[in-house]
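Hi,

Here's the structure I promised to pass on.

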Amino acid sequence: MATLNEKQREFLEQPFVGEVTTLRPDGSPHTTVVWVDADTDVVMFNTAVGRAKERYLRKDARVSLIVIDPENAYKWVSISGQAELTTDGADAQIDKLAKKYLGQDEYPWRNPEEQRITVLIHPERVEATGLDE
């Protein structure tokens with residue numbers, strides 16, 4: 001497993017959105033924007049059960065994520081690895097992400113019919129550029 005260094009972790013703590021790529025059943029890529037969370041060497045995002053990302057990751061756990069500084073496109077962190085999906089703590093995590101990205105204590109678009117799910121990315125490869133500035 002690859003590890004994140006301190007500068008990469010600090011970068012991921014910023015409220016920069018990420019673009020996550022999963023694989024459709026036919027092998028073609030599927031990329032969407034996500035809110036990003038990091039804990040030690042595991043990078044996470046949150047979605048809902050039944051959405052495309054969740055369905056695709058259940059069939060093929062390979063995942064790639066890139067987070068780019070919106071003020072400097074040459075400053076980014078990219079993580080690829082295997083996904084682990086869990087509903088444990090997912091509601092609390094989406095609230096934490098709402099605080100990070102929106103400044104709100106609770107996720108404002110919560111749908112009681114949805115079950116939130118956290119996707120943990122166990123990095124196999126971490127690449128970054130522009131973080132030494």
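The side chains of Asp95 and Arg110 form a salt bridge, with 3.1 Å from N to O. (A salt bridge here is a side-chain nitrogen of Lys or Arg within 4 Å of a carboxyl oxygen of Asp or Glu.) Asp95 sits in helix H3 (residues 90–102) and Arg110 in the loop between H3 and strand S7 (116–129), so their pairing ties together parts that are 15 residues apart in sequence. Helices (H or I, at least four residues) and strands (E, at least two) are DSSP runs, numbered from the N terminus.

For the cut-offs: buried is under 20% relative accessible area, exposed is over 50%, and partly exposed is in between (1.4 Å probe, protein chains only).

Before you go on, keep in mind that this is a predicted model: local features need pLDDT of at least 70, side-chain atom pairs count only at pLDDT 80 or more, and totals for chains, interfaces and linings use all residues. Residues are numbered from 1 along each chain as its sequence is written, and side-chain values use heavy atoms, with hydrogens and water left out.

Now for the others. The structure has 9 salt bridges, including one between Arg116 and Glu114 at 3.5 Å, N to O. Arg116 is buried at 5%, whereas Glu114 is partly exposed at 26%.

Cheers
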